[in-house]
Amino acid sequence: MQKTLGLYDTTIGKKAVVAVTGVVLYGFVVVHMLGNLQVFLGPEKFNAYAATLKGMPALLWGARLVLLSSLLLHVVTSLSLVATSSAARPVGYRQLRHKTTSPAALTMKYGGPALFFYILFHLAHFTYPGIALGHYKHSHTDVYANFVHGFSVPWVTGIYVVAQVFLGLHLYHGSSSMLQTLGLSHPRFEKVKELAPQALGLGVAAGNILLPLAVLAGIVR
Ligand code: HEM
């Protein structure tokens, strides 16, 4: 008997899942960066912002649940798409040519998994369990102090900066393909399709790189 294909079993269904979960994660990354930029307003404002979020447990845990499910669906579905396209061509190309492939597209393959491990590292560093990677004690209430102490360690800042470059490229390439998947193909949108992913990828990477570097430069202390 023939099995009916569900939407998730099709390539287009999987691409739609990657696109929609990508939008959720993208939204979080932008909001998170804007929230973190409040570190420039000083310890009271920054800690008050963190305390406000923790003071709304239902909203916080709801958002965490949506984020975690989106991340897992995004990763599992992307891996399944990669597996499907490799299976469609079991014998590799004799000579690999990346004629139309941008450096960002190439980094998706390695950048995606790298970002996943970065997120695990970042959560362990700042959230749970909160690992002090220098000579200080992690505090579960003084987020500003964790921020300053954490990024005063140059190799830690180095990891964050490299990760944000991967993140910028991932956001750039991911949002380009997302606009394609969501069917924004009218010639009128050509310029938007080209510029929006570049501006967003660069904007998020630059904002996030500014944060640890501001600590190392002594601007945030
Ligand atoms: C340089 C860039 C970044 C800085 C400075 C930063 C800073 C922080 C800080 C200080 C916290 C702890 C907040 C608290 O304890 O209240 C945090 C939590 C978190 N960060 Fe980041 N972050 C950065 C980039 C990212 C990126 C790129 C992602 C995801 C792709 C991310 C995902 C998270 C998540 C999921 C949490 C936990 C939020 C929660 O409590 O549920 N962060 N971040």
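Is Gln164 buried or exposed, and what is its relative accessible area?

Modeller: Gln164 is buried, with a relative accessible area of 4%. The cut-offs are under 20% for buried, over 50% for exposed, and partly exposed in between, computed with a 1.4 Å probe on protein chains only. The model is predicted, so local features need pLDDT of at least 70 and side-chain atom pairs count only at pLDDT 80 or more, while totals for chains, interfaces and linings use all residues. Residues are numbered from 1 along each chain as its sequence is written, and side-chain values use heavy atoms, with hydrogens and water left out.

Gln164 lies in helix 6; a helix here is a DSSP run of H or I of at least four residues, a strand a run of E of at least two, both numbered from the N terminus. Leaving aside neighbours within four places in sequence, Gln164 is in contact (heavy atoms within 4.5 Å) with Tyr118, Ala205, Asn208 and Ile209. Two of these partners also have a polar contact with the side chain of Gln164. With the side chain of Tyr118 the distance is 3.2 Å, and with that of Asn208 it is 3.0 Å. A polar contact is a pair of N or O atoms within 3.5 Å; within protein, one atom must be able to donate a hydrogen and the other to accept it, and residues adjacent in sequence count only if both atoms are side-chain atoms.

For Arg64, a polar side-chain atom lies 2.6 Å from an oxygen atom of the ligand. For Lys54, an N or O atom of the side chain is 3.3 Å from a ligand oxygen. His122 has a polar side-chain atom 2.7 Å from a nitrogen atom of the ligand.

At 19% relative accessibility, His170 counts as buried.

Asn146 is placed in helix 5 and has a relative accessible area of 2%, which makes Asn146 buried. A polar atom of the Asn146 side chain lies 2.6 Å from the backbone oxygen of Ser139. Ser139 is also one of the residues that Asn146 touches beyond four places in sequence, the others being Phe126, Tyr136, Lys137 and His138. Between the C-alpha atoms of Asn146 and Ala132, which are 14 residues apart along the chain, the separation is 8.0 Å. Helix 5 as a whole is mostly covered, with 7 of its 9 residues buried; these are Tyr144, Ala145, Asn146, Phe147, Val148, Gly150 and Phe151. The loop between helix 4 and helix 5 contains Pro129, and the peptide bond from Tyr128 to Pro129 is cis, with omega near 5 degrees.

For the setting of these details, the protein chain has 7 helices and 0 strands. Its C-alpha atoms fill a box of roughly 60 × 40 × 40 Å along the principal axes. Of its 221 residues, 32% count as buried, and Gln164 is one that does. Among contacts with a separation of 6 or more, 72% are between residues 24 or more positions apart.
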